[in-house]
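Please read the report below with the sequence and the coordinates open beside it. It goes through single residues, whole elements and the contact between chains in turn.

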Amino acid sequence: VSILSKMLKKKQKSRQNDDLRQQQDPQKPEDLQILRVYKENISRLKAELGNSSDITVREFKISNHKGVLVYMDGLADSKGISDFLLESFFETEVVPPQMDYFQFMIDKVVALGSIQTITNWNQVYDNLLSGNTIIFLDGYNKAISGATQGWEKRAITEPSTQLTIRGPKDSFTETLRTNTALIRRRIKSPNLWLETMKIGTVSQTDIGIMYIKGIANEKIIAEIKERLKRINMDSILDSGYIEQLIEDQTWTTFPTTYHSERPDVVSSHLLEGRIAIIVDGTPFVITAPAIFIQFFQASDDYYLRFDISTSIRILRILAFFIAFLAPATYIAATTFHQEMIPTTMAIAIAAQREYVPFPAFVEALIMEVTFEILREAGLRLPRAVGQAVSIVGALVIGQAAVEAGFVSPVMVIVVSSTAIANFSTPVFDMAIAARLIRFVMMGLAAILGFYGMMLGLMFMTIHLCSLRSFGIPYMMPLAPFNLHNQQDVFIRFPIWAMKNRPSFISKGNIVRTGENQKPDPLIQEDDQPKGEQS
Amino acid sequence: MKKLLLPFLLMSILILTLSGCWNQKELTDLAFVTAMGIDKGKDKKFNVSFQIVNPGNIPSGQNGGGQGLPIAVYKSSGDTLTEASRNATKKVSRRLYYAHTNLVAISKEVAREEILNVIDALDRDPEFRTTTQMVITRNTTAEELVSSLTILDKLPVNKITKELKATQTMLGENMSVSIDDFINGLVSNGKEPIINGYKISGKKSMAKKAENLQMTTTGAFLEADGLAVFKKGKLTGWIDHERARGVVWILNKVKSTDINVSWNGKKNAIVFATIRSKTKVSVHFKNGKPVINIAIKDEGWISEANTAVDLTNPNKIEKIDKQVEKEIKRQILASVRTAKKKKSDIFGFGEKVHRANPKLWKKIQGNWNEQFAELEVNVKVDSFIRREGIRTKPFWSNLNK
């Protein structure tokens with residue numbers, strides 16, 4: 001670990017050097033002004049963009065004044081351009097002599113909702129490459145940029161990774177604007193603030209930071225912004241990049257930020273005082289800070305009644321333990337602690353293991369690795385072939401392996417129950433953490449039995465308690481224990497009893513539910529007022 | 001980094017100091033000893049037989065088990081149990097594993113003389129469970145008992161342990177006695193231990209043959225038989241049938257049993273089946289001598305009425321109650337008499353006296369066995385018929401019309 005961290009430090013140093021080099025670069029477009037001769041602007045643009053074929057250039061003339069309109073084909077909405085720009089250009093015949101041509105264009109001709117005057121080349125590239133139309137006018141060293149963004153985008157579909165029985169069925173798309181709109185449609189509050197920035201020296205990816213002013217903790221907002229500003233990378237292709245660059249701890253298998261493709265989940269996180277980071281080009285929105293128990297809260301927990309969701313949540317936590325302890329328990333019990341197995345079962349297992357050539361650990365390892373390979377293969381294969389894999393998998397893992405005397409039937413049960421338990425964790429990040437820990441636990445169980453497993457569990461608990469997510473203890477509100485925030489941990493309180501936001505995340509506006517929200521049928525049954533209540 | 005390293009180092013050090021049960025043993029390297037038989041040896045003190053499971057032949061799931069027998073019995077001898085157990089490794093390819101030993105069978109001869117030299121080995125071994133049941137073989141050797149095959153349970157040991165528990169709850173003539181119970185009885189001041197008796201009925205030579213299992217009425221079968229009474233760590237005699245039930249009853253271990261009473265001169269006319277019963281033993285002192293009071297409260301139902309009797313009549317029911325009480329009292333007094341004759345306080349009356357009056361106990365504990373033989377014992381039974389089954393009037397009532 002220490003060697004790795006040294007290497008990282010070296011890398012960081014070299015990264016800083018790159019930074020300096022870049023700053024010294026005299027060719028930075030920010031310094032360059034737009035030229036007065038519009039044709040020179042066009043030729044410069046073409047030269048800089050390597051004469052890319054998707055640059056569309058349309059020259060026009062309004063009375064005597066020449067101009068040119070530039071946009072990127074595919075990024076800009078060409079129908080909008082012809083409707084609101086070209087058509088109005090052609091209809092305008094005279095420029096009133098008393099008016100400045102540039103101002104006249106802005107005031108009277110360019111029929112777009114959002115326009116902007118730009119002066120340097122950096123802005124030109126920015127606007128052009130994000131789908132805006134740039135209008136250069138002859139004789140002016142500035143240009144008009146009109147918002148004409150419009151590209152082919154994926155429609156809002158059902159979420160594909162975080163499914164629920166009950167609840168909204170929309171999910172985020174790859175477009176930042178659509179995603180912010182999906183959240184805004186749920187929280188119609190002026191306090192829902194959106195800040196944007198561009199990250200990625202080459203990719204110039206749009207990042208949106210969303211939070212509810214007054215509910216979110218200002219310190220955490222500042223911290224997140226600071227960490228985002230520190231990012232110096234060529235590109236951000238998915239929110240996963242951001243996640244890995246801003247998380248508190250790299251050396252952990254546990255996720256310290258949360259991500260979701262469900263707008264309802266992100267909205268609920270915002271309402272709890274968390275901060276959402278939306279990255280253009282990916283449907284996965286990050287929310288932070290994240291705590292351990294959050295990864296066992298599915299969104300239907302809040303849509304179903306509390307008794308049901310509480311029992312399901314406890315089941316999920318149980319399944320999590322099965323997912324990383326079941327094979328280790330099998331190994332420890334069969335190789336160290338045979339006295340712990342009931343006699344008949346011990347003999348039954350012994351009977352099955354009689355013709356298995358490997359020790360229990362190797363047997364378990366073979367099966368677990370086979371299963372992991374199958375899962376990975378099933379994930380990558382084209383859908384048409386996928387079915388074949390599942391058939392082969394069922395045969396290999398199940399029937400054939402047992403009949404060949406390769407593994408014992410009990411092992412198949414252990415592996416399959418582990419796998420199924422693993423899938424019941426609502427968030428993939430946490431599930432994959434359990435998968436990794438499982439192998440460590442198996443190793444410990446093979447060397448030291450239950451004693452080793454206890455060591456592993458102890459180490460894991462210590463590690464979990466040491467983790468922080470943006471300064472918030474990861475095991476909050478369990479360690480440090482906080483009695484007032486237990487309403488959404490193991491037991492999901494009735495919705496009217498969840499009076500406060502988690503106080504360790506949200507600062508300021510804590511109360512979320514009013515008094516006397518408990519449904520009382522008597523009020524409706526007889527219309528007579530019952531007098532003072534509460 | 002230092003923060004991470006320190007706990008890790010500490011744990012690594014702890015691993016070295018706390019390596020209590022690190023010895024890994026694969027299931028396939030173990031020979032599960034399910035039962036152990038201890039007989040008197042010829043050259044050495046003990047002949048020990050180990051009933052070992054043959055896992056490959058235990059039917060499990062689809063593969064239905066192999067062709068052979070589910071168990072194999074290995075014999076070895078030694079002056080101590082450990083010696084015998086180590087000697088057995090010459091004959092068994094696997095490590096003998098005692099954690100699943102559910103039965104220790106001790107032959108009558110060993111029980112008479114050497115049982116005290118066996119117990120500590122069973123008690124001390126960390127693998128051996130003190131909940132393991134003990135039986136004394138009556139008309140056979142321990143070796144024959146552990147070599148027997150049974151038809152219903154694939155593992156013969158299950159047959160014995162399950163059966164003892166079943167008779168304890170259904171009949172009350174036997175009770176499951178573990179090594180722990182036995183040791184408690186041995187060391188307790190004012191109580192003597194008892195152990196179940198076990199025998200093989202039928203042709204003993206058939207018991208260990210597979211063909212025995214091919215018949216519906218097996219040629220030889222295992223059967224619980226009576227309670228062995230110990231005195232000062234030595235077998236002194238047996239208590240059987242009804243009297244054994246009385247013992248179990250006084251020890252408050254009876255859950256369910258049957259009592260036959262006569263009605264209008266007809267013997268065994270009404271059968272009373274208890275469903276729950278509670279026994280309280282108390283002591284009071286008369287002229288400086290302890291008197292034992294046994295109070296039994298039991299409930300039950302009428303499981304048979306083989307005579308014309310109107311069970312809807314509360315007076316009749318009460319009369320039956322009285323009869324049952326009398327019968328139970330008779331049985332209990334009979335077993336007390338038997339124990340008195342053997343001068344062995346298997347009921348733990350001495351313990352009760354000790355608790356009630358420690359000063360007196362100090363004086364009399366020296367010859368408690370003699371005292372016990374002349375002890376005054378009163379029995380009070382409070383029986384109650386809870387229900388009559390699904391018939392009130394037996395068909396006998398209408399038979400003569």
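In which helix of chain B does Ile119(B) lie? Ile119(B) belongs to helix α4 of chain B, which covers residues 116–124. The model is a predicted one, and the values in this report should be read with that in mind.

The relative accessible area of Ile119(B) is 6%, and because the limit for a buried residue is under 20%, Ile119(B) counts as buried. When residues up to four places away in sequence are set aside, Ile119(B) touches Met134(B), Phe182(B) and Ile183(B). Leu81(B) stands 38 residues from Ile119(B) in sequence, while the C-alpha atoms of the two are 9.4 Å apart in space.

Lys159(B) is part of helix α6 of chain B, which runs over residues 156–170, and with a relative accessible area of 18% it is buried. Apart from residues up to four places away in sequence, the residues that Lys159(B) touches are Thr150(B), Asp153(B), Tyr198(B) and Leu222(B).

Asp225(B) sits in strand β8 of chain B, residues 220–231, and here too the residue is buried, at a relative accessible area of 13%. Once neighbours within four places in sequence are left aside, the contacts of Asp225(B) are Arg138(B), Asn174(B), Gly197(B), Tyr198(B), Lys199(B), Trp238(B) and Asp240(B).

## Chain B as a whole

Chain B has 401 residues, 50% of which count as buried, and its secondary structure consists of 13 helices and 13 strands. The C-alpha trace of chain B extends over about 85 × 60 × 60 Å along its principal axes.

## Backbone exceptions

Most residues other than glycine have a negative phi, and most peptide bonds are trans. Against that background, His241(B), which is not a glycine, has a positive phi of about 45 degrees; His241(B) is placed in helix α8 of chain B, residues 241–250, and is exposed at 54% relative accessibility. Asn287(B), likewise not a glycine, has a positive phi of about 55 degrees. Asn287(B) is located in the loop between β11 (266–286) and β12 (289–305) of chain B, and its relative accessibility of 76% makes it exposed.

In chain A, the peptide bond that leads from Met476(A) to Pro477(A) is cis, with omega near -5 degrees, and Pro477(A) is in the loop between β12 (472–473) and α17 (521–525) of chain A. Ala479(A) and Pro480(A) are also joined by a cis peptide bond, for which omega is about 0 degrees, and Pro480(A) is likewise placed in the loop between β12 and α17 of chain A.

## Helix α15 of chain A

Helix α15 of chain A comprises 15 residues, 409–423, and at 1.5 Å a residue it should span 21 Å, which agrees with the 21 Å between its end C-alpha atoms. Its buried residues are Val410(A), Met411(A), Val412(A), Val414(A), Val415(A), Thr418(A), Ala419(A), Ala421(A) and Asn422(A).

Which elements of chain A do the buried residues of α15(A) pack against? They pack against α11, α12, α13 (360–380), α14 (383–403) and α16 of chain A.

## The contact between chain A and chain B

The contact involves 32 residues of chain A and 32 residues of chain B. About 2,700 Å² of area is buried between chain A and chain B, and carbon and sulfur atoms give 66% of that area. The rule finds 2 salt bridges across the interface; one of them pairs Arg94(B) with Glu354(A), whose closest N and O atoms are 2.5 Å apart. Across the interface there are also 11 residue pairs in polar contact, both residues being at pLDDT 80 or more.

On the side of chain A that touches chain B, α11 (306–335), α12 (343–353) and α16 (428–466) each supply at least two residues. The largest share, 10 residues, comes from α12(A). By residue type, this side of chain A divides into 21 nonpolar, 8 polar and 3 charged residues.

Conventions:
Residues numbered from 1 in each chain as written. Chains lettered and ligands numbered in written order. Predicted model: local features only at pLDDT ≥ 70, side-chain atom pairs only at ≥ 80, totals over all residues. Heavy atoms only, no water. Contact = heavy atoms within 4.5 Å. Buried area = accessible area lost by both parts, 1.4 Å probe. Salt bridge = Lys/Arg side-chain N within 4 Å of Asp/Glu carboxyl O. Polar contact = N/O pair within 3.5 Å; in protein donor to acceptor, adjacent residues only side chain to side chain. Helix = DSSP H or I, 4+ residues; strand = E, 2+ residues; numbered from the N terminus. Nonpolar A, V, L, I, M, F, W, Y, C, P; charged D, E, K, R; others polar. Expected span 1.5 Å × (residues − 1). Buried < 20%, exposed > 50% of the residue type's maximum accessible area, 1.4 Å probe, protein only.
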